[in-house]
Amino acid sequence: MTARAFYDESAESEVARAVERIERRSGAEVVVAVRAISGHYAGEDSILGFLFAYAGLMLFLFHPAPIRIEGFVLEFPLLFGIGMALSMWVPPVRRLLTSRERLEGNASTAARAAFVELGVGRTRARTGLLVFVSMFERQVVVVTDLGIDRPGLGDALVRLETVLDGRAELPAFVAALDGLAAPLSELCPRAADDENELSDAVRLT
């Protein structure tokens, strides 16, 4: 699944309906936010650029046939640029160069910033819940406000936060999102005067 999946009108509606189903059963205010990439990875791009340039240097030094040094002066920065471009434009390559800890850390930091920016923490009963989908990092981060006991979400939380570990498609994400309805209905039951304080629409940040 790519970030483009969430730009499809029918997909956005499907996710919004899942949010509505959760909020009909509980007092939670659920916001789904999607970001294409949550961090900067120039360092990782430079690693691949260096490896390309280093390979060019080894070829220049050990190739049995003579190589004109004038050409190599131009080829060295060109190879570096090609390596960086490959890392920048081919996400699986860039992810391969990035530690899992860095991917998770960037997604987590961006999720907490989005929680504040989108006003998820401003609900009346402090029952806001952000589902932050970071596509490049392949991370789903759930941030809960004080009115929701996060450990109480149990297996439903684990399923949602790991749904992008494989090659999950949108239906798998929606099913995992729907899984929050049951535990949330117990953790924060819907009140008679409950109002929809936050939009159910997907936020593409």
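**Exercise 1: The surroundings of Thr127**

A polar atom of the Thr127 side chain lies 2.9 Å from the backbone oxygen of Gly27. This structure is a predicted model, in which local features need pLDDT of at least 70, side-chain atom pairs count only at pLDDT 80 or more, and totals for chains, interfaces and linings use all residues. Residues are numbered from 1 along each chain as its sequence is written, and side-chain values use heavy atoms, with hydrogens and water left out.

Task: Determine where Thr127 is placed and whether Thr127 counts as buried or exposed.

Solution. Step 1: Thr127 belongs to the loop between α5 (100–117) and β2 (128–134); helices (H or I, at least four residues) and strands (E, at least two) are DSSP runs, numbered from the N terminus. Step 2: Thr127 has 6% relative accessibility and therefore counts as buried (under 20% relative accessible area; exposed is over 50%). Step 3: Not counting residues up to four places away in sequence, Thr127 touches several residues, among them Gly27, Asp145 and Cys188 (heavy atoms within 4.5 Å).

**Exercise 2: Ala110**

Task: State which helix holds Ala110 and which residues Ala110 is in contact with, leaving aside neighbours within four places in sequence.

Solution. Step 1: Helix α5 contains Ala110. Step 2: With a relative accessible area of 7%, Ala110 is buried. Step 3: Beyond those neighbours, the contacts of Ala110 are Arg35, Ser38 and Phe132. Step 4: Ala110 and Ser10 are 100 residues apart along the chain, and their C-alpha atoms are separated by 26 Å.

Conventions. Buried < 20%, exposed > 50% of the residue type's maximum accessible area, 1.4 Å probe, protein only. Polar contact = N/O pair within 3.5 Å; in protein donor to acceptor, adjacent residues only side chain to side chain.
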